[in-house]
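User: I would like to learn how to read the features of a model. Can we take them one by one?

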Amino acid sequence: MTAEYKVHGSVAVITLANPPVNGLGLSTRQGIVDGLTRANDDAAVTSIVITGAGGAFSGGADIKEFGTDKSLQEPNLHSVIAAVENSAKPVVAAIHSVCMGGGLELALGCHYRIAAPGCSVALPEVKLGILPGAGGTQRLPRVVGVEAALNMIVSGEPVKSELIGSIPGQKLFDKMAASPEALAAEALAFAQSVADVRPMPLVRNLPCKHPQGDAYFQFARNMVKGMSKNFPAPAKCVDAVEAATKKKFADGLLFERELFINLMWTPESRSLRHLFLAERAASKIPDVPADTPKRDIKAVAVIGAGTMGGGIAMNFLNAGIPVKMLEMKQEALDRGIATIKKNYEAQVKKGKLKQDKYEQRMALLSTTLDYADLKDADLVIEAVFEELGVKEAVFKQLDAVMKPGAILASNTSTLDVNKIAHFTQRPQDVVGLHFFSPANVMKLLEVVRGDATAKDVLATVMAVAKKIRKTAVVSGVCDGFIGNRMIEQYGRQGGFLLDEGCTPEQVDKAMEKFGMAMGPFRMGDLAGNDIGWAIRKRRYTEKPDMKYSKTADLLCEKGRFGQKTGAGWYDYVPGKRDAIPNAEVVKMIEDHRASLGITPRKISDEEIVQRLVFSLVNEAAHILEEGIANKASDIDVVYIFGYGFPVYRGGPLNYANEVGLFNVVQAMNRFAKNPLDDAAFWKPAPLLAKLAAEGKTFN
Ligand code: 3H9
């Protein structure tokens with residue numbers, strides 16, 4: 001049982017004890033009901049306190065139980081809350097640290113609530129694509145008012161307990177404890193003080209009205225329209241709260257339940273729940289246990305003050321970690337510092353950063369032209385030109401000056417981290433830290449594990465990633481690692497689609513309608529088409545049999561490298577990022593197509609999306625099979641946080657699971673028959689073929 005029962009004098013205390021956040025899983029729910037029964041049966045007990053062990057009152061329903069039989073098994077959360085409400089002795093919730101979702105709903109079912117300051121209070125279900133399903137939409141408006149409740153339910157954002165406690169007339173908290181430490185004793189005293197009060201108060205009996213009813217909810221619906229384009233939950237939250245103001249409590253509860261169950265089965269909710277767990281699972285490396293010792297990272301050095309180096313440095317400055325930047329020339333350092341300042345000043349101007357914080361961050365930044373000055377850094381990240389010879393020179397110097405035990409990281413996006421490691425005498429201390437541009441904004445960090453990388457180095461960089469608020473995913477060494485290796489196939493399909501009859505605009509629009517932040521051609525223009533060109537040139541000699549459309553090369557021969565040259569697949573006006581279709585580019589594509597003797601055909605959006613997304617899926621299956629990625633969900637995390645894959649589709653592999661792997665393989669077999677495509681590529685990866693044949697999914 002994951003709930004403890006103890007009696008202190010006349011008060012029974014039920015303590016939720018289901019780490020890490022006291023999720024309300026079956027055994028915890030059972031524990032609460034058992035505790036209530038015991039307390040009610042014990043004549044010496046006159047009141048009951050429910051609280052949580054460790055760092056939470058409760059984080060809500062157990063997300064890991066969703067979709068399993070346990071989530072439906074009695075006592076479900078409704079029955080638990082009914083047992084609380086029906087207790088013949090008053091029940092007091094003693095809330096602290098985290099009180100979210102089902103945890104808050106449980107507290108709302110209690111007769112009284114006492115809260116410690118500093119507790120994060122939320123109904124965050126909307127972030128999982130659902131709505132509060134155990135009375136939250138019906139009870140919260142009754143205690144904090146309709147507007148505040150709807151705001152909390154639609155945003156899912158936490159509000160601090162002391163803030164709620166300070167709202168005049170609020171009925172969520174009957175009492176605020178003086179401090180988290182004082183909560184337990186104050187809750188016992190409070191429970192004793194209300195032991196004989198009858199009738200016992202229940203939130204369900206409070207009135208729930210909005211003076212401008214219909215007008216307000218119309219306004220609320222308009223407000224959520226924009227945010228809920230691809231998410232069904234926010235609009236349903238409005239419906240549920242409106243029901244609280246219009247229906248009898250019991251009917252409102254039934255209505256909420258129906259909406260909750262329907263949302264639970266939407267692909268959007270499945271995807272968001274998948275992503276919640278995937279993001280947290282990404283930090284776990286199968287052979288690196290959580291208790292692996294970590295090295296202390298108190299000072300960081302960055303080699304290279306270009307866009308990448310500057311962005312990387314900002315991450316550490318933001319986290320309060322001092323950074324020393326090294327460049328070959330003073331002018332390069334000056335330019336780098338100026339860019340960092342410009343970025344911070346833009347944030348100050350927008351009100352996103354306070355002036356004193358900006359100054360504190362800049363004070364943590366120092367510069368040098370001399371490698372010897374880096375000797376005290378605990379972690380050094382190289383962000384120099386992407387060429388093995390250049391990396392070799394840098395790593396040899398680092399090996400000579402860095403103190404023993406320092407971590408030597410490369411920000412390479414394509415080069416062999418094993419080779420880089422062996423430029424030093426300490427390959428165990430070398431790791432890849434592939435930041436995505438702009439490095440101070442993008443959440444993804446690919447941690448590239450070399451053959452020799454020590455486990456404590458991995459454990460350390462994963463912890464550092466958390467500290468600088470990155471979502472880190474471990475990749476083995478291969479060309480392009482996880483993300484760029486997959487994107488190469490995606491780009492290749494984009495090229496074939498142009499040859500067969502599409503315009504860049506048509507492909508981009510189809511992908512953006514699917515939900516990608518940007519279609520492949522707009523993305524190419526943003527990243528720089530010359531980067532892909534350099535890779536293809538390498539491929540033409542490395543893999544002469546690999547088939548590529550030559551259209552992108554023709555574009556690059558015209559110097560149309562993308563936004564940085566004001567022209568790529570599209571035209572760009574200085575200072576703006578809008579992609580303007582260019583007739584010459586379209587003509588260039590048509591001429592090239594004609595030179596190949598291809599008659600253009602009309603290609604559906606569905607085919608565009610399938611070819612592009614399934615190319616990611618097939619390459620991902622190879623990556624998984626080769627052990628480059630530890631798990632399928634890591635690949636989804638890479639694509640969501642690094643490549644603008646739509647959150648509500650949960651990543652390419654989750655999307656493939658939703659489509660059904662059998663259907664994915666069928667589509668690949670169809671694509672393989674297209675003579676203008678690459679039949680060899682479309683042979684389903686063995687892992688994918690096997691899973692499809694067995695009716696399984698990537699999870
Ligand atoms: C709900 O309640 C439905 C009801 O309305 C109706 C039911 C009928 N369950 O984020 P962290 C785990 S829906 C299970 O890194 P932090 C998490 O997986 C639920 N596990 O820590 C991770 O595990 P691991 C509504 C949970 O300190 C560990 O805790 N509630 C749950 O940065 C640490 O997580 C939510 O949506 C859970 N509910 O933040 C709350 N929550 O160590 C979502 C967390 O194995 N949770 N875990 O990887 C959060 O917002 C944050 O996790 C929290 C802690 C603020 C609690």
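User: How are α20 and α25 oriented to each other: roughly parallel or roughly perpendicular?
Analyst: First, a caution: this is a predicted model. Now the general idea. Angles of 65 to 115 degrees count as roughly perpendicular. Here helix α20 (residues 504-514) and helix α25 (residues 605-625) pack at about 80°. The two helices are therefore roughly perpendicular to each other. Their axes lie 9 Å apart.

User: Which residues in α20 meet α25?
Analyst: From α20 come Gln506, Val507, Ala510, Met511, Lys513 and Phe514. They meet Asp605, Ile608, Val609, Leu612 and Val613 in α25. By class, this contact has eight nonpolar, one polar and two charged residues.

User: Last, the ligand. How many residues surround it?
Analyst: The count is 24, and the closest are Gly102, Glu105, Glu125, Arg280 and Lys284. Then look at atom pairs. A polar side-chain atom of Lys284 lies 2.5 Å from a ligand oxygen. A backbone N or O atom of Gly102 is 2.8 Å from an oxygen atom of the ligand. For Gly59, a backbone N or O atom lies 2.8 Å from a ligand nitrogen.

Note on methods. Residues numbered from 1 in each chain as written. Predicted model: local features only at pLDDT ≥ 70, side-chain atom pairs only at ≥ 80, totals over all residues. Heavy atoms only, no water. Axes fitted to C-alpha atoms, helices over the stretch in contact; angles between N-to-C directions. Helix = DSSP H or I, 4+ residues; strand = E, 2+ residues; numbered from the N terminus. Parallel < 35°, antiparallel > 145°, perpendicular 65-115°, else oblique. Contact = heavy atoms within 4.5 Å. Nonpolar A, V, L, I, M, F, W, Y, C, P; charged D, E, K, R; others polar. Near = heavy atom within 4 Å. Polar contact = N/O pair within 3.5 Å; in protein donor to acceptor, adjacent residues only side chain to side chain.
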